Amino acid sequence: MTPTAKQQQLAALLSQAIVIPVLTIERLEHAVPLARALVAGGVRTLEVTLRTEVAIEAARAIMAEVPDAIVGIGTILTVDDLARAQALGAKFGISPGATPDLLKAAAASSLPFAPGIATASELMLALAHGCDLVKFFPAEPSGGIKAVRALAGPFPNVRICPTGGIGEANAAAWLAEPNVVAVGGSWLCPAADIRSGNWAGITAMCARTMKSLKPA
Ligand code: 3PG
């Protein structure tokens with residue numbers, strides 16, 4: 001895949017999704033019911049973060065048993081994490097930041113990848129490695145919508161997926177920004193609901209969110 005095709009694929013995927021739940025799965029047995037609950041609420045594009053021991057197995061289980069889910073891997077911190085995401089067959093990779101080694105490996109890989117940025121210099125490094133779609137993290141503490149508007153001045157063609165501090169109350173405002181393709185966050189999958197198996201509650205919250213953000 002050419003670098004441009006890879007970026008276009010990522011942009012299409014995220015802009016179709018508009019909301020990406022950032023999943024921290026502590027127990028393998030939560031993976032499939034959680035993914036089913038999200039998909040049932042209209043949220044199909046999922047970021048399984050590499051924050052727990054079971055993350056890769058959880059993503060594998062979702063890919064095998066929830067065919068309507070589009071599974072990406074998040075919290076990619078190292079070249080090895082990137083390789084694991086690709087070997088798994090993830091549809092995309094996301095990182096909270098970037099290192100030169102990670103950007104180089106991502107440029108050489110066929111996995112659509114969004115590195116994390118919070119400053120103009122970090123964005124310039126990402127662009128130098130062909131990444132014009134980035135995660136803006138942590139979005140609210142790093143200046144929020146005002147910061148994204150300011151970055152759009154020197155970087156009008158950059159597409160952004162903000163995460164960090166986004167929830168039901170501000171998701172629509174973020175999505176109204178022309179360079180924001182999707183928003184990510186953990187608010188659709190609260191740890192307490194996952195631990196208690198409140199799958200119906202997660203489905204209801206997703207359905208409500210999707211109805212308000214993407215009316216049919
Ligand atoms: C991420 O990695 O994107 C964040 O942990 C999500 O941030 P949130 O928990 O504030 O939504």
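Reply: Helix α2 is followed by Gly-42, whose phi is positive, near 90°; helices here are DSSP runs of H or I with at least four residues, strands are runs of E with at least two, and both are numbered from the N terminus. This is a predicted model, in which local features need pLDDT of at least 70 and side-chain atom pairs count only at pLDDT 80 or more, while totals for chains, interfaces and linings use all residues. Residues are numbered from 1 along each chain as its sequence is written, and side-chain values use heavy atoms, with hydrogens and water left out.

Me: Which residues of α2 are buried?

Reply: In α2, which spans residues 28-40, the buried residues are His-30, Ala-31, Val-32, Leu-34, Ala-35, Ala-37, Leu-38 and Val-39. Buried means under 20% relative accessible area, exposed means over 50%, and partly exposed lies in between, with a 1.4 Å probe and protein chains only.

Me: And what covers them?

Reply: The cover over the buried residues of α2 includes the strands β1 (19-23) and β2 (45-49) along with the helices α3 (55-65), α9 (191-196) and α10 (199-213).

Me: How many residues does the largest nonpolar core have?

Reply: The largest nonpolar core has 64 residues, and those with the most contacts inside it are Leu-38, Val-48, Ile-62, Ile-73 and Trp-174. A core of this kind is a set of buried Ala, Val, Leu, Ile, Met, Phe, Trp, Tyr and Cys residues joined through side-chain atoms within 4.5 Å. The largest share of this core, seven residues, comes from α2.

Me: What does Val-48 touch?

Reply: Not counting residues up to four places away in sequence, Val-48 touches Leu-23, Ile-25, Ala-55, Ala-59, Ile-62, Val-71, Gly-72, Ile-73 and Gly-74.

Me: Let's take Leu-13 then; buried or exposed, and what does it touch?

Reply: Leu-13, which is found in helix α1, is buried because its relative accessibility is 13%. Not counting residues up to four places away in sequence, Leu-13 touches Thr-45, Ile-70, Lys-91 and Phe-92. Leu-13 and Val-181 are 168 residues apart in sequence and 9.5 Å apart in space, C-alpha to C-alpha.

Me: Changing topic: where is the cis peptide bond?

Reply: The cis peptide bond joins Phe-137 and Pro-138, with omega about -10°, and Pro-138 has its place in the loop between β7 (133-136) and α7 (144-152).

Me: Which residues have a positive phi without being glycine?

Reply: Ile-18 has a positive phi of about 55° although it is not a glycine, and Thr-75 likewise has a positive phi of about 55° without being a glycine. Ile-18 lies in the loop between α1 (3-17) and β1 and is buried at 11% relative accessibility, while Thr-75 is found in the loop between β3 (70-74) and α4 and is buried at 9%. Most residues other than glycine have a negative phi, and most peptide bonds are trans.

Me: How many disulfides are there?

Reply: The count comes to zero disulfides, a disulfide being a pair of cysteine sulfur atoms within 2.5 Å.

Notes. Contact = heavy atoms within 4.5 Å.
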